[in-house]
Amino acid sequence: MRTAYSVADVRAAERELMARLPEGALMQRAAAGLAAVCVRLLSGARGVYGSRVVLLVGSGDNGGDALYAGARLARRGAAVGAVLLSPERAHAGGLAALRAAGGTVVDDAERAVARADLVLDGIVGIGGRGGLRPRAAQLAALAAESCPVVAVDLPSGVDADTGEVAGEAVRADVTVTFGAYKPGLLIDPARERAGVVHHVDIGLAPGAEPAAEALQHAEVARLLPVPSAESDKYRRGVVGVVAGSARYPGAAVLAVAGALRGGAGAVRYVGPAADAVLARFPETLVHTGPPHRAGRVQSWVLGPGIGDEADAVDEVLAAEVPVLVDADGLRFLTPERVRARTAGTLLTPHAGEAAALLGTDRAEVTAGRLRAVRELAARFGATALLKGSTTLVADAAGPVRVNPTGTGWLATAGSGDVLSGLTGSLLAAGLAPRDAASAGAYLHGLAARFAAGADGAPVTAMQVAGRLAAAWRDVGRRTPRQGGAAR
């Protein structure tokens, strides 16, 4: 699992570690890791010896890291020049080390950056707020057009704690982060500017709870339900789906497609699209409604494609089982209605739907995704899954979870309906809302990658649903060999 810590907690861990180390040792560890990554990048191109490396150096410790790393590269034969954006405040020890190794201070910054083979961004540290100043922004833009850019700890101009980008910021090809991930390296829009992230262990041990975490295959595998020899469809869970309408029957089909591949033992569909659902998935248990007459369920999925047909909303929200609310169903929610529920509630909006729930605009949600998902969870007393370029999961307790899977091709009509059905099925199988949302998003994103292929290609929502079984297998869980009788 990748865990990300707030700036305050990283700083506290650094102070604790520096008190036990010789002066400057921590910066030397960071510089060594940074230089090693740069060596690998240069070795894959023209080689280190004779390569032109430019350091964009600000006044903080990130500038010192860049200077010490530049000294190491200079000793290996690189021509290293430093652009000092605040000459009077540059790290004295790092600057002396660079000069001693044969590096120089650059006078013509534009010419040096335009001719560079590699640029190191050491402009602003993790405590920086707001966008870059004009001079730094100009050089950062030139570097992005000229050669690979390596950010020191995180791209300058992004907010380490939130992932927000308030103004101009560095666009890195590679980010070398030290000691611990920062939330901004996992969450867009900052994540997109970080490029490939390399983590360098410098001995930090943050004692606080992470601010954010990203599950990997192993953690997701431990969450996924596996039937035993004694399982039947009711022990595995039954998910109810209230979706679709005369205008949007496809939403029901797609939600059921996801639900059938989500680990529950059976899917009950309630709504006007029963014929379309049965034509595609004859194993579905269908009912025209109302929901309480459809039979026992362990969770409900409510909302995809229901349009204005809200007759079932009150009944589903009153159920004493977990409920996932998506798409059109979100329009009928208020914080009071959700907080009155006795069982868990999972909301799965995209940015536009989240903006409507929060009374703001889509751009504000997109720019501040971490803040928005936390506010959704707090305001509604629910678990919130905010879909988008970075899908986030938040509830009242624990770090925000960041989904690391997916592809831009997933931005296609109906893919959210598949996710709702899949996640609702995991709820019915017994996962807590936070875990169901995290595992569902992970599998959904992985399935989309498989559907798009290694070279990337457009996909449909049904193709994503069709690859969910492959995604499930890929995370490493298998049904026990002894199995059980069919039921």
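Helix α18 (433-452) contributes three residues to the lining of the largest cavity, the most of any element. Strand β18 (400-402) is the other element that gives two or more residues. Helices (H or I, at least four residues) and strands (E, at least two) are DSSP runs, numbered from the N terminus.

The lining consists of Leu-215, Thr-391, Val-393, Arg-401, Val-402, Asn-403, Pro-404, Ser-438, Ala-441 and Tyr-442. Six of these are nonpolar, three polar and one charged. The nonpolar class is Ala, Val, Leu, Ile, Met, Phe, Trp, Tyr, Cys and Pro, the charged class Asp, Glu, Lys and Arg, and the others, Gly among them, are polar.

## Cavity volume

The largest cavity holds about 60 Å³ of space, and the count is one cavity of 30 Å³ or more. A cavity is a set of points, on a 1 Å grid over the protein atoms alone, where a 1.4 Å probe fits but cannot get out; lining residues have an atom within 4 Å of a point. Points are joined across faces, edges and corners, and the volume is the space filled by probe spheres set on them.

## Helices α3 and α4

The axes (lines fitted to C-alpha atoms over the stretch in contact, with angles from 0 to 180 degrees between N-to-C directions) of α3 (residues 61-75) and α4 (residues 92-100) come within 8 Å and cross at roughly 15°. Therefore α3 is roughly parallel to α4 (angles under 35 degrees).

Leu-67, Tyr-68, Gly-70 and Ala-71 of α3 meet Gly-93, Gly-94, Leu-95, Ala-97 and Leu-98 of α4 (heavy atoms within 4.5 Å). This contact has six nonpolar, three polar and no charged residues.

## Basis

The model is predicted: local features need pLDDT of at least 70, side-chain atom pairs count only at pLDDT 80 or more, and totals for chains, interfaces and linings use all residues. Residues are numbered from 1 along each chain as its sequence is written, and side-chain values use heavy atoms, with hydrogens and water left out.

Terms used
Parallel < 35°, antiparallel > 145°, perpendicular 65-115°, else oblique. 1 Å grid on protein atoms, 1.4 Å probe; cavity = no way out; pocket = protein on both sides within 12 Å on 5 of 7 lines; lining within 4 Å.
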